[in-house]
Amino acid sequence: QVQVVESGGGLVQAGGSLRLSCTASGLPFGNYAMGWFRQAPGKEREGVSCISYSGGNEYYEDSVKGRFTISRDNARNTLYLQMNGLKPEDTAMYYCAAALTGGSWWSLLLPAFYTYWGQGTQVTVSS
């Protein structure tokens with residue numbers, strides 16, 4: 001059974017930091033590109049960042065470049081998102097997702113290219 005579980009969300013003041021974690025089981029973690037997505041109430045789910053199966057390539061949504069860093073530890077089946085300089089507009093439910101590596105479409109950060117999803121972890125940034 002595939003399990004994808006996010007953790008690390010919470011309430012933080014603007015300018016603060018959080019580190020999100022995502023653990024995946026029941027799948028060959030090292031064969032999947034991984035991504036972080038977020039969705040605020042009443043808005044579309046959007047891609048935040050993604051990383052190749054080996055961790056050698058990273059992609060970021062423009063609004064988080066320079067503030068967020070994605071990484072992975074394949075030995076621990078874990079994905080991370082370090083979020084610094086948080087802004088109120090970062091407030092959303094953050095989701096971890098896995099895309100089977102069979103090309104580079106995962107790098108487009110579109111939900112349709114990701115197969116397995118976690119239940120999300122809430123990030124709230126106050127001004």
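How many helices and how many strands are there in the protein? Zero helices and 11 strands, where helices (H or I, at least four residues) and strands (E, at least two) are DSSP runs, numbered from the N terminus. Before you click around, note that this is a predicted model, in which local features need pLDDT of at least 70 and side-chain atom pairs count only at pLDDT 80 or more, while totals for chains, interfaces and linings use all residues. Residues are numbered from 1 along each chain as its sequence is written, and side-chain values use heavy atoms, with hydrogens and water left out.

**The whole chain**

Start with everything shown as a cartoon. From the N terminus on, the elements run β-β-β-β-β-β-β-β-β-β-β. The radius of gyration of the protein is 13 Å, close to the 14 Å that the globule rule gives for 127 residues, so the protein is as compact as a globular protein of that length. (That radius is taken over C-alpha atoms, and the globule rule is 2.2 Å times the number of residues to the power 0.38.) Along the principal axes, the C-alpha atoms fill a box of roughly 40 × 25 × 25 Å.

Now colour by accessibility. Buried residues make up 42% of the 127 residues; buried means under 20% relative accessible area, exposed over 50%, and partly exposed in between (1.4 Å probe, protein chains only). Among contacts between residues at least 6 apart in sequence, 60% join residues at least 24 apart, a contact being heavy atoms within 4.5 Å.

Select S1 (3–7), S3 (18–25), S8 (78–83) and S7 (68–73). They make an open sheet in the order S1-S3-S8-S7, with antiparallel pairing. S1 and S7 are the edge strands, and each pairs on one side only. The twist averages 15° from one strand to the next, using axes that are lines fitted to C-alpha atoms, for helices over the stretch in contact, and angles that run from 0 to 180 degrees between N-to-C directions. Two strands pair if DSSP finds at least two bridges between them.

Zoom in on S8. Five of its six residues are buried, so S8 is largely enclosed by the rest of the structure. S8 pairs with S7 over six bridges, and S3 also pairs with S8 over six bridges. Pick Tyr-80: it is the bridge partner of Ser-71 and also of Ser-21. Leu-81 is the bridge partner of Ile-70.

Follow the chain back to the turn. S7 and S8 form a hairpin with four residues between them. Asn-77, in that loop, has a positive phi of about 50° although it is not a glycine. Most residues other than glycine have a negative phi. Asn-77 is partly exposed, with a relative accessible area of 25%.

Is Leu-109 buried or exposed? At 12% relative accessibility, Leu-109 counts as buried. You'll find Leu-109 in the loop between S9 and S10, with a positive phi near 55°.

Next, select S11 (121–126) and show side chains. Thr-121, Val-123 and Val-125 are on the covered face, while Gln-122, Thr-124 and Ser-126 are on the uncovered one. In a regular strand the side chains alternate between the two faces of the sheet.

S2 (10–13) runs parallel to S11, joined by four bridges; Gly-10 has Val-123 as its bridge partner.

**Gly-118**

Step back to Gly-118, in the loop between S10 (116–117) and S11. Gly-118 is buried, with a relative accessible area of 7%. Which residues does Gly-118 touch, not counting residues up to four places away in sequence? Val-4, Glu-6, Tyr-95 and Cys-96. Gly-118 and Val-4 are 114 residues apart in sequence, yet 4.6 Å apart in space, C-alpha to C-alpha.

**Rings and charges**

Finish with the aromatics. Phe-37, Tyr-114 and Trp-117 form one aromatic cluster. Rings of Phe, Tyr and Trp (its six-membered ring) pair if their centres lie within 6.5 Å, with planes under 30 degrees apart counted as stacked, over 60 as edge-to-face and the rest as tilted. By this rule the count comes to six aromatic pairs.
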